Amino acid sequence: MKRPKVTGLRRRESWQALPFLLPSLLGLCLFYLFPLAETVRASFMDPLRSRAVGWGNYRALFQNTAFRLAVRNTCRFLCICIPALLAVSLLCAVLLGAAKRRAAFFKSVLLLPYAIPVASIVVLWRALFSGKGLVNGLLVGLGCRPVDFMGSSAAFWVLIFTYLWRNNGYDMLLWLAGLETIPRPLYEAAAVDGATPFQTFVFITLPNLLPTVVLTTILSLVNSFKVFREAYLVAGNYPQESIYLLQHLFNNWFLSLDIGKLSAAAVLLALGLGCVVYLLYHFWGGGQE
């Protein structure tokens with residue numbers, strides 16, 4: 001396929017647009033590209049950034065037990081909470097899309113946790129899951145033994161529950177927007193052909209939601225790293241081992257000014273997230289254009 005020729009008029013229009021784009025380009029370079037380049041450079045330097053250490057910081061990462069623990073916990077968290085959130089929020093969106101009455105009320109109820117400030121969520125978390133919290137009070141009332149939610153592996157599932165509860169409404173709105181783009185005649189034709197609701201969902205709804213799957217997955221992945229705020233405010237720099245995430249490690253290395261290892265870990269994290277986003281777009285998003 002031949003590339004279209006760039007005419008003189010179009011080239012002149014491109015140059016005329018440059019002054020309008022220049023502020024955004026300068027901001028992009030100043031706040032994104034330059035810091036990114038400096039982070040990559042610092043990953044090959046010593047903590048004081050006075051001499052090059054080559055791949056030493058990267059080798060030190062994989063020999064560091066705290067880094068391996070944080071990576072393992074973060075991957076486990078993502079592999080559980082992202083699919084669970086996508087499934088739960090899609091189910092809520094489908095049910096609300098089919099509902100005729102009180103749909104707006106339930107949308108507001110499900111979206112409310114996303115609007116609650118983090119500090120309020122931390123207070124609620126402590127009231128529910130502390131040693132003498134409401135959940136343990138309920139367990140004791142039922143004749144069960146109380147659970148040390150913050151001092152045992154149960155802390156991981158509390159974090160999962162918090163993430164799902166807080167982000168379900170936001171993802172549900174994304175699914176609802178995607179459902180609105182599906183042409184109604186497709187459903188009408190399926191009903192005429194005698195398709196069941198399950199067949200309609202599998203063969204019409206899901207294929208047409210693939211672009212929304214990509215967008216919702218990426219935004220859910222980004223939001224998953226914000227859950228560190230709740231874990232940090234409740235448990236501090238060194239929480240229970242099961243919820244010690246990469247964000248805790250980054251925070252501790254920043255406080256100790258271990259910039260070399262911090263930069264190397266940030267570069268690896270950026271590469272990993274970039275690969276995930278590329279694969280999502282390549283296999284699910286690219287084929288929809």
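## Helices and overall form

Helices here are DSSP runs of H or I, at least four residues long, numbered from the N terminus. The model is predicted. Its protein chain holds 13 helices and 0 strands. Along the sequence the pattern reads α-α-α-α-α-α-α-α-α-α-α-α-α.

Along the principal axes, the C-alpha atoms fill a box of roughly 80 × 65 × 30 Å. Buried residues make up 34% of the 289. Among contacts with a separation of 6 or more, 70% join residues 24 or more positions apart.

## Ser 220

Ser 220 sits in helix 10, which spans residues 210–224. Is Ser 220 buried or exposed? Ser 220 counts as buried because its relative accessible area is 1%, and the cut-off for buried is under 20%.

A polar atom of the Ser 220 side chain lies 2.7 Å from the backbone oxygen of Thr 216. Beyond its neighbours within four places in sequence, Ser 220 is in contact with Ile 82, Leu 85, Leu 86, Tyr 163 and Asp 171.

## The largest pocket

The largest pocket has a volume of about 540 Å³. Its lining comprises 20 residues, and those closest to the centre are Val 94, Gly 97, Ala 98, Arg 184 and Tyr 187.

Which helices each supply at least two residues of this lining? They are helix 3 (65–98), helix 4 (103–115), helix 7 (154–180), helix 8 (184–192) and helix 9 (197–208). By class, the lining of the largest pocket has 11 nonpolar, 4 polar and 5 charged residues.

## The second largest pocket

The second largest pocket has a volume of about 460 Å³. It is lined by 22 residues. Nearest its centre lie Cys 75, Leu 78, Leu 221, Leu 273 and Val 276. Two or more lining residues come from each of helix 3, helix 10, helix 12 (246–255) and helix 13 (259–285).

How do the residues of this lining divide by class, and how many are charged? The lining of the second largest pocket has 19 nonpolar residues, 3 polar and no charged. The lining of the largest pocket, by contrast, includes 5 charged residues.

Definitions and conventions:
Residues numbered from 1 in each chain as written. Heavy atoms only, no water. Buried < 20%, exposed > 50% of the residue type's maximum accessible area, 1.4 Å probe, protein only. Polar contact = N/O pair within 3.5 Å; in protein donor to acceptor, adjacent residues only side chain to side chain. Contact = heavy atoms within 4.5 Å. 1 Å grid on protein atoms, 1.4 Å probe; cavity = no way out; pocket = protein on both sides within 12 Å on 5 of 7 lines; lining within 4 Å. Points joined across faces, edges and corners; volume = space filled by probe spheres on them. Nonpolar A, V, L, I, M, F, W, Y, C, P; charged D, E, K, R; others polar.
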